[in-house]
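Subject: Structure handover

Hello,

Here is the structure you asked about. Please open it first, then read the notes below with the model on screen.

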Protein chains: 2
Amino acid sequence: MLPVLVVHGGAGHVPEEYQQSVLAGVRAAVREGYAILQGQGSAMDAVVAAVTLLENNPSFNAGLGSVLNAKGDVEMDAIVMDGRDLTSGAVSAVKRLANPVQLARLVMDKTIHLCLTGEGANQFAREMGVPEVPEESLITDYSRMRWKKNLAPDANLVESLMGKMGTVGAVAVDAMGNIACATSTGGLPNKMEGRVGDTACIGCGGYADNKVGAASPTGHGEAIMKVVLARLILFHMEQGCSTEVAADKALAYMKERVGGVGGVVVVDPQGGWSARFSSRQMVWAAGQQNTLHFGLHAGEHFTQSTDDPN
Amino acid sequence: MLPVLVVHGGAGHVPEEYQQSVLAGVRAAVREGYAILQGQGSAMDAVVAAVTLLENNPSFNAGLGSVLNAKGDVEMDAIVMDGRDLTSGAVSAVKRLANPVQLARLVMDKTIHLCLTGEGANQFAREMGVPEVPEESLITDYSRMRWKKNLAPDANLVESLMGKMGTVGAVAVDAMGNIACATSTGGLPNKMEGRVGDTACIGCGGYADNKVGAASPTGHGEAIMKVVLARLILFHMEQGCSTEVAADKALAYMKERVGGVGGVVVVDPQGGWSARFSSRQMVWAAGQQNTLHFGLHAGEHFTQSTDDPN
């Protein structure tokens with residue numbers, strides 16, 4: 001059943017005119033990451049490659065296409081975690097970077113810390129030779145339109161978040177049985193300057209442990225944080241739940257206890273996997289045994305060969 | 001058995017000449033917070049008051065007396081969490097504030113977010129009318145001396161952290177049975193600019209749930225993050241463990257799995273409490289049934305009346 005890779009492109013509700021592009025986006029991300037796994041690459045390399053591709057795709061709220069904060073700026077959060085030794089790297093509120101997930105990986109690989117924030121994270125990027133990109137190069141017309149709309153005094157930011165695909169993430173188990181996760185986001189539309197969501201918080205926006213599995217969530221960040229969603233799912237798996245039951249239990253708890261909806265992709269060490277959500281939709285795709293699985297609406301599960309280029 | 005308040009002033013090793021002052025500091029913090037609980041005040045008010053007093057005390061690594069980062073600046077993290085509805089507020093890498101824990105509470109009370117970082121957090125402080133203090137007013141001669149010493153190329157920052165009391169925190173259950181926690185820190189000595197530790201991450205540097213209890217950790221932040229320590233302790237309590245067994249299991253796991261040491265104060269809804277640590281020492285104090293408990297070395301447990309002014 002190994003290797004396996006599962007990605008998501010955010011929980012919420014995708015307007016019909018964007019559905020084909022987000023489905024194409026997650027399929028492309030799985031093909032990219034799954035090819036690495038098939039070539040005996042590591043789970044970490046696979047999740048970072050898949051998330052990088054989604055960050056570069058303007059259809060998702062991460063990297064290019066990120067939502068704008070209240071000031072009209074892009075501030076992004078990202079995390080990676082290595083299930084071998086529970087080490088992790090994260091960045092929060094970083095600006096002017098095309099691929100925050102790659103900086104999160106550098107935090108993990110090149111520092112003694114697990115998280116760098118704001119200007120300190122950007123300073124570290126410069127030290128690592130990561131090029132800064134112009135702010136404008138990350139902003140799409142769609143992001144700017146939503147930002148303006150959300151400036152209205154009666155705008156509901158959480159509802160707005162659920163009105164377009166969001167956060168991107170990936171979980172994988174490689175042929176060696178090593179497990180990793182990665183998550184990246186532009187956060188909540190029109191958020192306050194400096195707002196940090198679940199994605200930069202280990203256990204909330206991602207968790208990976210070779211002994212248990214990995215989870216990458218998406219949805220209302222503040223609700224995900226209150227229940228420490230990724231770690232909660234892995235606790236259920238430690239108690240014997242399958243990836244699907246663990247995800248459904250944790251999502252139901254989040255809805256009942258704090259009124260939050262979202263979704264998650266999950267893997268276990270044997271290659272079991274799930275893509276589950278309590279939101280109206282979550283765009284997801286998975287690669288396993290040369291088959292590409294994908295879906296968007298609840299209950300949807302399409303398959304094609306991973307060799308199919310579309 | 002209610003109300004109860006337990007505070008810590010950091011895990012590590014206190015040089016003998018500082019032992020009396022840190023013990024006096026945590027006793028004073030408990031007297032301050034416990035009086036609030038005795039007057040029918042809330043657990044949240046009690047933990048914030050206790051942590052505020054510890055931030056104002058130069059003997060601890062939080063607020064005044066915080067360690068300096070690599071650049072010689074003070075950057076602080078803090079969190080509060082309300083066990084009634086799992087809401088929380090946190091700040092990371094904030095500068096020039098006397099009481100980060102109070103800003104964390106404002107994030108919880110006055111925004112739709114759970115965490116603000118860096119300049120955005122300071123901007124929010126200005127909007128709330130929180131006065132900025134001169135950077136120099138937070139720095140002690142001792143902090144500057146350690147910073148200079150740690151600039152040596154062979155300095156071990158984690159060992160340095162363990163060489164002085166650190167992070168401060170508190171957990172409480174009030175007479176109504178409501179549970180809260182608060183944690184505040186200057187972080188790791190000579191940390192990189194923008195480094196965020198466990199304290200600002202919900203589930204890592206603190207967690208509170210009226211149905212289970214609360215925990216406030218201290219120690220090597222990166223290790224605490226890898227195991228999401230506070231939430232882990234509450235999971236063990238959900239499985240039926242006492243506060244003491246849950247804390248010891250989680251600390252032993254942190255040592256074995258990621259090689260980290262630290263300590264924690266824990267309460268349960270019935271007023272059970274523990275102060276446990278895997279470090280050489282942790283200064284702690286607790287107030288319950290008009291008795292003030294305190295200790296520093298392993299196995300130490302002194303008591304006096306909460307009316308005793310010293």
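Let us start with A:Arg96. At 25% relative accessibility, A:Arg96 counts as partly exposed. (Buried means under 20% relative accessible area, exposed means over 50%, and partly exposed is in between, with a 1.4 Å probe and protein chains only.) A:Arg96 lies in the loop between strand E3 (87-94) and helix H3 (100-110) of chain A. (Helices, H or I, are DSSP runs of at least four residues, strands, E, are runs of at least two, and both are numbered from the N terminus.) A:Arg96 is not a glycine, yet its phi is positive, about 55°.

Some ground rules. This is a predicted model, where local features need pLDDT of at least 70 and side-chain atom pairs count only at pLDDT 80 or more, while totals for chains, interfaces and linings use all residues. Residues are numbered from 1 along each chain as its sequence is written, chains are lettered from A and ligands numbered from 1 in the order in which they are written, and side-chain values use heavy atoms, with hydrogens and water left out.

**Backbone details**

A:Gln40 also has a positive phi, near 65°, in a residue other than glycine. Find A:Gln40 in the loop between helix H1 (16-38) and helix H2 (43-55) of chain A. Is A:Gln40 buried or exposed? With 60% relative accessibility, A:Gln40 counts as exposed.

Next, look at the start of each chain. In chain A, a cis peptide bond joins A:Leu2 and A:Pro3, with omega about 0°. A:Pro3 lies in the segment before strand E1 (4-12) of chain A. In chain B, B:Leu2 and B:Pro3 are joined by a cis peptide bond, with omega about -5°. B:Pro3 is in the segment before strand E1 (4-12) of chain B.

**Annotated sites in chain A**

The UniProt annotation "active site", from an unreviewed entry, covers A:Thr167. (UniProt positions are given in the numbering used here, feature names are shortened, and annotations may be inferred rather than shown by experiment.) A:Thr167 is in the loop between helix H6 (157-161) and strand E5 (168-173) of chain A. Its relative accessible area is 8%, so A:Thr167 is buried. What does A:Thr167 touch? Leaving out residues up to four places away in sequence, the list includes A:His8, A:Gly10, A:Asn61, A:Thr199 and A:Thr218. (Contact means heavy atoms within 4.5 Å.)

A:Thr218 sits in strand E8 (residues 213-219) of chain A. A:Thr218 counts as buried because its relative accessibility is 2%. Beyond four places in sequence, the residues that A:Thr218 touches include A:His8, A:Gly10, A:Thr167, A:Gly262 and A:Met282.

**Helix pairs in chain B**

Take helix H1 (residues 16-38) and helix H2 (residues 43-55) of chain B. Their axes come within 8 Å and cross at roughly 155°. (Axes are lines fitted to C-alpha atoms, for helices over the stretch in contact, and angles run from 0 to 180 degrees between N-to-C directions.) That angle makes H1(B) roughly antiparallel to H2(B). (Angles under 35 degrees count as roughly parallel, over 145 as roughly antiparallel, 65 to 115 as roughly perpendicular and the rest as oblique.) Residues in the contact include B:Val26, B:Ala29 and B:Ile36 of H1(B), and B:Ala46, B:Ala50 and B:Leu53 of H2(B).

Now helix H3 (residues 100-110) and helix H4 (residues 118-127) of chain B. Their axes come within 11 Å and cross at roughly 75°. H3(B) and H4(B) are therefore roughly perpendicular to each other. The contact is made by B:Leu103, B:Leu106, B:Val107 and B:Lys110 of H3(B) with B:Ala121, B:Phe124 and B:Ala125 of H4(B).

**Helix H4 in both chains**

Which residues of H4(B) are buried? They are B:Gly118, B:Gly120, B:Ala121, B:Asn122, B:Phe124 and B:Ala125. Strand E3 (87-94), H3 and strand E4 (115-117) of chain B are among what covers them. B:Gly129 follows H4(B) and has a positive phi, near 75°.

In chain A, the buried residues of helix H4 (residues 118-127) include A:Gly118, A:Ala121 and A:Phe124. The buried residues of H4(A) pack against E3, H3 and strand E4 (115-117) of chain A. A:Gly129 follows H4(A), with a positive phi near 75°.

Best wishes
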